Amino acid sequence: MKRIGFIVNPVAGIGGKVGLKGSDGEETLKKALELGAVPESGKKALIALRVLGAAAELSEMEICTCPGDMGENVCKEAGLSCKVLDCMTGDHAGEWTSLADTALVGKATSPADTVRAAKMLCGLGADLILFAGGDGTARNILDAVGKSAAVLGIPAGCKIHSGVFAVNPKRAGELALRYMQGKVPRTKEAEVMDIDEEQFRQGRVQSRLYGYLKIPDDVRLVQNLKSGSRGGGQDSTERLAEYMADTWENDVLYIVGGGSTTARIMERMHFANTLLGVDLVYSGQVVGTDCTEREILKAVSEYGKAKILVTVIGGQGYIFGRGNQQISAEVIRRVGRKNIIVAASEEKMLALFGKCLYVDTGDEEVNGYLHGYMRVLTGYGEYAVMKVTG
């Protein structure tokens with residue numbers, strides 16, 4: 001019988017909607033909960049497992065997982081039977097089952113739990129280790145198994161720069177199933193990136209190659225590695241910034257996502273900005289900096305007409321769901337698709353030639369709502385038309 005190992009990092013991505021740009025560390029988790037954050041990774045893992053659950057072949061596969069919110073609860077919600085391993089470590093072993101309030105922070109799962117679980121699953125001969133988390137979780141998996149087992153990430157973190165994740169949770173389920181069915185017979189090595197969260201919160205991206213994991217080889221269903229700026233495309237960025245300045249509307253609330261392209265637009269408008277956060281601008285003034293989802297929704301209710309301004313993540317093609325979770329599915333619903341402005345340099349768009357743009361909002365309905373063709377501002381009144389898929 002084939003065996004799937006399933007691991008959920010329950011706190012992965014919990015800092016995204018509240019603007020913390022990560023979830024590493026007990027203090028970050030505590031602050032996220034105090035700001036009203038709720039766990040997201042279990043919901044995304046559930047999307048993947050429901051794809052698996054719809055397959056008749058699953059009766060011929062065994063799912064091995066961890067207690068509580070590290071996998072067992074998600075399996076139960078998906079209606080799947082599973083073998084639960086004793087993979088918890090420390091004083092809270094066997095005791096912690098859910099992340100409900102700040103009182104449970106000290107009992108929350110740790111990277112050591114992920115490492116131990118992955119080692120156990122590898123030792124049991126799992127044909128595939130399917131894990132939900134972000135770059136930090138991918139590093140834990142690498143520490144545990146190296147290249148000795150095939151793995152696949154369900155994207156559920158705040159920053160997902162590594163190349164070991166499916167393009168979204170649904171595709172993770174599809175690819176896991178195809179691999180287990182033998183329809184994807186080969187694996188390939190994919191990069192795991194190490195990001196310094198403290199530097200990231202201060203607007204500096206310092207990443208290095210941490211190592212490689214072995215993943216199912218299907219380029220259609222796996223996201224690309226995030227690419228950094230190559231220093232080109234400055235002319236087109238200047239032109240699109242000039243165009244945005246000339247067409248800016250003062251009676252509109254602008255929700256401005258992070259990135260160097262939007263930062264240049266804000267600089268051209270003489271507005272201070274948060275390079276890796278979300279800022280709000282209305283009537284020639286910055287009315288909110290490094291905002292949370294809750295603050296954005298409040299502003300949309302107060303100001304009425306609003307537009308979202310975002311850029312494209314280089315190499316990956318994401319416009320929502322990677323580093324800008326504060327612009328949530330609910331924010332997108334209220335603002336509306338027609339009021340989304342996507343801006344990116346010609347160089348960045350040429351690097352994505354023949355590919356789609358991606359959205360991964362965590363809400364299948366909103367992903368479908370955004371599906372279709374969208375204009376991307378690439379210069380002064382110049383656009384590229386790109387297909388957007390969820």
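Predicted model: local features only at pLDDT ≥ 70, side-chain atom pairs only at ≥ 80, totals over all residues.
Glu 238 forms a salt bridge with Arg 264, and their closest N and O atoms are 2.6 Å apart. The two partners come from distant parts of the chain: Glu 238 sits in helix 8 (residues 234-247), Arg 264 sits in helix 9 (residues 260-268), and 26 residues separate them. Glu 238 is partly exposed, with a relative accessible area of 37%, whereas Arg 264 counts as buried at 19% relative accessibility.

The protein chain has 390 residues, and buried residues make up 56% of them. Its secondary structure comes to 13 helices and 16 strands. Of the contacts between residues at least 6 apart in sequence, 70% join residues at least 24 apart. A search of the whole structure finds 19 salt bridges, and I shall discuss two further examples.

The next example is Lys 307 with Glu 249, a salt bridge in which the closest N and O atoms are 2.5 Å apart. Here, too, distant parts of the chain are linked: Lys 307 belongs to strand 11 (residues 306-310), Glu 249 to the loop between helix 8 and strand 8 (253-256), and the two are 58 residues apart. Which of these partners is buried? Lys 307 is buried, with a relative accessible area of 15%; Glu 249, at 24%, is partly exposed.

The other example is the salt bridge between Arg 333 and Asp 363, where the closest N and O atoms are 2.5 Å apart. Arg 333 is partly exposed at 35% relative accessible area. Asp 363 has a value of 19%, and because buried means under 20%, Asp 363 counts as buried. This pair also belongs to a network: salt bridges that share partners join Glu 330, Arg 333, Arg 334, Asp 363 and Glu 365.

Asp 135 lies in helix 5 (residues 135-145) and is buried, with a relative accessible area of 0%. What does the side chain of Asp 135 reach? The side chain of Asp 135 reaches the backbone nitrogen of His 161, at 2.8 Å. Leaving aside residues up to four places away in sequence, Asp 135 touches Lys 159, Ile 160, His 161, Ser 162, Phe 165, Met 193 and Ile 195.

Next, helix 2. With 13 residues (41-53) at 1.5 Å a residue, helix 2 should span 18 Å; its end C-alpha atoms are 18 Å apart, which agrees. Its buried residues are Ser 41, Lys 44, Ala 45, Leu 46, Ile 47, Ala 48, Leu 49, Val 51 and Leu 52. What do they pack against? The buried residues of helix 2 pack against strand 1 (2-8), helix 3 (72-77), strand 4 (128-133), strand 5 (151-155), helix 6 (169-180) and helix 13.

Rolling a probe the size of a water molecule over the atoms shows where empty space is left. How many cavities of 30 Å³ or more are found in the whole structure? The search finds two. The largest cavity has a volume of about 130 Å³ and is lined by 16 residues. Of these, Lys 17, Lys 44, Gln 325, Asp 360 and Thr 361 lie nearest its centre.

Finally, some remarks on the backbone. Most residues other than glycine have a negative phi. Ser 283, however, has a phi near 50°, a positive value in a residue other than glycine. Ser 283 is located in the loop between strand 9 (279-282) and strand 10 (285-288), and it is partly exposed, with a relative accessible area of 44%. Asp 290 likewise has a positive phi, of about 45°, although it is not a glycine. Asp 290 is placed in the loop between strand 10 and helix 10 (293-303), and its relative accessible area of 29% makes it partly exposed.

Technical notes: Residues numbered from 1 in each chain as written. Heavy atoms only, no water. Helix = DSSP H or I, 4+ residues; strand = E, 2+ residues; numbered from the N terminus. Buried < 20%, exposed > 50% of the residue type's maximum accessible area, 1.4 Å probe, protein only. Polar contact = N/O pair within 3.5 Å; in protein donor to acceptor, adjacent residues only side chain to side chain. Contact = heavy atoms within 4.5 Å. Salt bridge = Lys/Arg side-chain N within 4 Å of Asp/Glu carboxyl O. Expected span 1.5 Å × (residues − 1). 1 Å grid on protein atoms, 1.4 Å probe; cavity = no way out; pocket = protein on both sides within 12 Å on 5 of 7 lines; lining within 4 Å. Points joined across faces, edges and corners; volume = space filled by probe spheres on them.
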